[in-house]
Amino acid sequence: ARCIRLPASPRAARGLGLRMQVENFGDSPSDVLKWTKDRDTVKEEVAPKVQGKGMGEWESMISSRAVTEDALVFSDVRWDGTDLYWLEYRPKEGRQVIVRRSDDGVERTVTPKGGLWDVGSSGGGSPYTVKSGVVYFSNRVDGALYTQFAAFEVEPVALTPPGATGYTDLDLDEARERIVCVQEAEGTSSLISVSLADQGDEAPGAPTVLRAGASNLASPHISPDLRKMAWVEMAGGASTLWSATVTEGGELEEAVVVAESAAHPTWSALGVLYYTSDAAGKWNVMEEGGSEPLISNLDEDEEVAGGSGIGPSPVSFLPDGTLMCIATTGGGASEALVKVDPLTRTGEVVGGKKSRWVSTASLSVSEAGAVGVVGSQRGSPSSVSVLAAGGDER
């Protein structure tokens, strides 16, 4: 509303050129009194009409769309050598893309432009993986699995026919030239392999089913020596960790149950299988064949994150065998990065003192450090953070 400042006397009004009949007024006390009354009448006529409203009833000048349309959401961060990759949901585009940050600090959107490409699936697992600069991802638009060179502007190449609901938890089996993953289709999931030897063919072949039957499968991971595979099966609210021998031809044999109420299988560089479990009353890291939790010094209200069993793993290993994981405090009120010595079974908080490491957004470690998504203690994922060897978050 405009603020109008009216003169205090007839003489001041004439000096300002105010459009009022000031010529009829003099400067005697009676004239000033009459001027004052008329001035107050003008004030009432030009004053803005203000109507009070209760909290939440007034219309904000800032729309919710303006707040959220530029709010990028980061997830599924991982190392490939010294290059960083992550998923980035862009509300303005209505899709999710893969972004690469090379070791020289240059960022590039790997996913091609346009509405034909949207990285994701209907499942809760990771829809992509990367190895030696080659990206493999599930396209939500047509339900096919694709491969693409990350550093060049080239069209992705289809590895499967379209039509599936999506592919998640991709693991590269280089020795057998294939991708092992979970295929989501028509409300069911199967453990499958996708050949990489035939990529570039005009009509890619159908995937090979390795295991089916469970209502939900997740997290297939091949051991470093390529002889075993571990995965999780969920049915009726229970999650079971399985492992099997992988033959030279790639089939699964001698499948056995490793543990009940387990999730997120992870192999160490020495080929030891670790996983998360709440068998002891709260979520912790367990070793295959072991009876005691790996982290012995968790506080009463602390536990390892990622108890849902689906999604990125909150556990990862450094090349020297040191385990890194995300731990929650107070029922998830805060999340911190913990470094664990498997020999002493003790954990030390090394990240999250100033911010919140988001367990649902994945954790990846290498010699360069630990990388994940960091947000405020109350906010959504807001930035990609690297924890260097010295322990500095940036």
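Two strands count as paired if DSSP finds at least two bridges between them; helices (H or I, at least four residues) and strands (E, at least two) are DSSP runs, numbered from the N terminus. The model is predicted: local features need pLDDT of at least 70, side-chain atom pairs count only at pLDDT 80 or more, and totals for chains, interfaces and linings use all residues. Residues are numbered from 1 along each chain as its sequence is written, and side-chain values use heavy atoms, with hydrogens and water left out.

**Exercise 1.** Describe the open sheet that contains β17, and state which strands stand at its edges.

*Solution.* 
1. Order: the open sheet has three strands, arranged β17-β18-β19, with antiparallel pairing.
2. Edges: β17 (262-267) and β19 (284-287) each have a single partner strand, so one side of each lacks a neighbour in the sheet.
3. Twist: from one strand to the next it averages 30 degrees, where axes are lines fitted to C-alpha atoms, for helices over the stretch in contact, and angles run from 0 to 180 degrees between N-to-C directions.

**Exercise 2.** Determine how β9 is placed and how it pairs with β10.

*Solution.* 
1. Burial: buried means under 20% relative accessible area, exposed over 50%, and partly exposed in between (1.4 Å probe, protein chains only). Seven of the eight residues of β9 (residues 166-173) are buried, so the rest of the structure largely encloses this strand.
2. Pairing: β9 and β10 (residues 178-185) run antiparallel and share six bridges. L172 stands opposite I179 in β10.
3. Turn: four residues lie between the strands of this hairpin, and E177 has a positive phi near 50 degrees.

**Exercise 3.** Classify the ring pairs F137 with Y146 and F149 with F152.

*Solution.* 
1. Rule: rings of Phe, Tyr and Trp (its six-membered ring) pair if their centres lie within 6.5 Å; planes under 30 degrees apart are stacked, over 60 edge-to-face, and the rest tilted.
2. Count: the rule gives seven aromatic pairs.
3. F137 and Y146: with 5.8 Å centre to centre and 20 degrees between the planes, this pair is stacked. F137 is buried at 1% relative accessibility, as is Y146 at 9%.
4. F149 and F152: at 6.4 Å and 75 degrees, this pair is edge-to-face. F149 is partly exposed at 49%, and F152 is exposed at 53%.
5. Cluster: ring pairs link W117, F137 and Y146.
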